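Visitor: I have a new structure open and would like a walk through it. Can we start with how far to trust it?

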Amino acid sequence: MEQSRRIKFREDERSLLLRLLLQVASAREPEVAAVLSGRRSLVSLAAEQRIPALQASGVWFQLLTIADELLAMRARRELEQGAGADEVPGSFASVVAQMAANGRSAGKSRPRSMSYVSGRP
């Protein structure tokens, strides 16, 4: 197994996560690792191995979601660093910049229901 393989500096996050998940699955349940890697089908497993294989697949989907969130955050940070915080869609800085571009100030745009809120400690 590739236990000592070092992580490449810019290795694709999904590839890295799959490699590490397969490494753990291979050490614990080689048959489950074979399903995760696509070398075996779920129906070819014994009945008692199917639930662990499904659970491992669930872990893989959770890891994919985390990787997608990481990539989205990186994209927002790159946009913020390159173009400025005002250019990140939906950010507070973007909304304030749009208001300023339309000639409105944040103080004048405060909803009446917020008039009781104080910004003091």
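**Confidence and salt bridges**

Guide: The protein chain averages a pLDDT of 80, and 77% of the residues score at least 70; pLDDT is the predictor's confidence in each residue, from 0 to 100. This is a predicted model, where local features need pLDDT of at least 70, side-chain atom pairs count only at pLDDT 80 or more, and totals for chains, interfaces and linings use all residues. Residues are numbered from 1 along each chain as its sequence is written, and side-chain values use heavy atoms, leaving out hydrogens and water.

Visitor: Which elements have the lowest and the highest mean pLDDT?

Guide: Helix 4 (residues 92-101) has the lowest, 79, and helix 2 (residues 30-36) the highest, 95. Helices are DSSP runs of H or I, at least four residues, numbered from the N terminus.

Visitor: How many helices and strands does the chain have?

Guide: 4 helices and 0 strands.

Visitor: New topic. How many salt bridges are there?

Guide: The structure holds 3, counting a side-chain nitrogen of Lys or Arg within 4 Å of a carboxyl oxygen of Asp or Glu. One of them joins Arg74 to Glu13, with the closest N and O atoms 2.1 Å apart. Arg74 lies in helix 3 (residues 47-83) and Glu13 in helix 1 (residues 13-28), so this pair ties together parts 61 residues apart in sequence.

Visitor: Is Glu13 buried or exposed?

Guide: Glu13 is buried, at 14% relative accessible area. Buried means under 20%, exposed over 50%, partly exposed in between (1.4 Å probe, protein chains only). Arg74 is partly exposed, at 33%.

Visitor: What does Glu31 pair with?

Guide: Arg40, with the closest N and O atoms 1.8 Å apart.

Notes. Helices (H or I, at least four residues) and strands (E, at least two) are DSSP runs, numbered from the N terminus.
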